[in-house]
Amino acid sequence: MYFSQQLIAFVAATLVTSSLTSPVKPLTRPFNCNDPKQGVNKNCWNELKVEEHLTDWVAHLPARCKKGEAWSVCYDRVATTNLEQDCTQINSTKCQPLDPNFPYIHPQWYYGAYNTWSINNFFTSWYKAIDIIAKEYPAVIINASNPEDIDTFLAFKNNGQTSIDVALRNLIIKTDSEPQRDALMAAISEYPSTVKYDSNNIETANPPVAALLKTRLAQLLKHVESDLPAFLAMAAEGAFSQPKRLSEGAIIGKVSGISGSLV
């Protein structure tokens, strides 16, 4: 079979052009858990054995830790050399984001300190969101404060006195920030509040339900950041070792029916 020189040249040119224009998938490098500059990845929590690291560190608290202070405060001070870092307080300027360029002792320390900040940021977002919702969408708080199912029976039995955790759970369940949402729900169950409000008079409750919700979040955060088992339960499986987190704007959007998302 005979092929003309022109045909051969045309086919060759077509093949070259095709190879040049065909999309080439970029090479994806595996995430390096040992390099904080790459950011955070939930799989690194287990890969770096952060839970074992924190458990061992708390079991042998160094002498530099102050008597009576939360383990996380001492840990963050050692990890970041920031003497003011304190993530036990909600909505506090003392809990600062971490610098990935800082020469950490070991990547485990970066993830340990990152989680104290990330969990604080999560609680603080809820704290701020509830404050705004109470002012701009008060009906959302009122609706969440109405007990349902078994809680209705308990409220009736206790003359309307309802645990503040009922209202908090009814708000949290409206978001879709798994696994962080599920970790918060579990923390509420493990460390229940004794504070109650009168579900028969929600609109005139004193103090207001929104104020009780904010106080409850602050109390729960302090417990999580001070009690290592509670902290490890929340941070398990890298739930808070990821760059995306629920902002107050996203929370407001979800619980009030306005669009919202992780940022």
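A disulfide is taken here as a pair of cysteine sulfur atoms within 2.5 Å. In the predicted model, Cys87 and Cys95 meet this criterion, with their sulfur atoms 2.0 Å apart. The torsion about the S-S bond of Cys87 and Cys95 is about 85°, so this disulfide is right-handed. Both Cys87 and Cys95 are buried.

By this rule the count comes to three disulfides. Cys33 and Cys44 form another of them, with a sulfur-to-sulfur distance of 2.0 Å. Here the torsion about the S-S bond is about -80°, and the disulfide of Cys33 and Cys44 is therefore left-handed. The pair links distant parts of the chain, eleven residues apart: Cys33 lies in the loop between helix 1 (5-21) and helix 2 (44-47), whereas Cys44 belongs to helix 2. Cys33 and Cys44 are both buried. In the disulfide of Cys65 and Cys74, the sulfur atoms are 1.9 Å apart. The link of Cys65 and Cys74 is left-handed, with -80° about the S-S bond. Burial extends to both Cys65 and Cys74. When the bonded cysteines of the chain are numbered in sequence order, the pairing reads 1-2, 3-4, 5-6.

The chain as a whole has twelve helices and two strands. From the N terminus on, the order of these elements is α-α-α-α-α-α-α-β-α-α-β-α-α-α. Of the 263 residues in the chain, 43% are buried. Among contacts between residues at least 6 apart in sequence, 69% join residues at least 24 apart.

In soluble globular proteins, nonpolar side chains tend to be buried together. The largest nonpolar core of the model has 70 residues, and those with the most contacts inside it are Phe123, Trp126 and Phe231. Helix 5 (residues 107-136) supplies the largest share of this core, namely 14 residues. Beyond residues up to four places away in sequence, Phe123 touches Ile90, Leu184, Leu217, Leu220, Leu221, Val224 and Met234.

Thr124 is also found in helix 5. With a relative accessibility of 9%, Thr124 counts as buried, because the cut-off for burial is under 20%. Apart from neighbours within four places in sequence, Thr124 is in contact with Ile90 and Asn91. Ile90 is likewise among the residues touched by Phe123. The C-alpha atoms of Thr124 and Leu221 are separated by 8.9 Å, although these residues are 97 apart along the chain.

Two packed helices are described by the angle between their axes and the distance between the axes. Helix 3 and helix 5 pack at an angle of about 85°, with their axes 10 Å apart. Helix 3 is therefore roughly perpendicular to helix 5. On the side of helix 3, the residues that meet helix 5 are Val50, His53, Leu54 and Trp57. Their counterparts in helix 5 are Gln108, Trp109, Tyr111 and Gly112.

A search of the whole structure finds twelve aromatic pairs. In one of them, the rings of Trp57 and Trp109 have their centres 6.0 Å apart and their planes at 85°, so the pair is edge-to-face. Trp57 lies in helix 3 (residues 50-59) and Trp109 in helix 5, so this pair ties together parts that are 52 residues apart in sequence. Both Trp57 and Trp109 are buried. A tilted aromatic pair is formed by Tyr110 and Tyr114, at 6.0 Å centre to centre and with 40° between the planes. Tyr110 and Tyr114 both lie in helix 5, where they are four residues apart, about one turn of the helix. Tyr110 counts as buried because its relative accessibility is 4%, and Tyr114 counts as buried because its relative accessibility is 8%. Ring pairs also join Tyr110 and Tyr114 with Phe102, Tyr104, Tyr111 and Trp117 in a cluster.

Terms used:
Residues numbered from 1 in each chain as written. Predicted model: local features only at pLDDT ≥ 70, side-chain atom pairs only at ≥ 80, totals over all residues. Heavy atoms only, no water. Core = buried A, V, L, I, M, F, W, Y, C linked by side-chain atoms within 4.5 Å. Buried < 20%, exposed > 50% of the residue type's maximum accessible area, 1.4 Å probe, protein only. Contact = heavy atoms within 4.5 Å. Phe/Tyr/Trp six-rings, centres within 6.5 Å; stacked < 30°, edge-to-face > 60°. Axes fitted to C-alpha atoms, helices over the stretch in contact; angles between N-to-C directions. Parallel < 35°, antiparallel > 145°, perpendicular 65-115°, else oblique.
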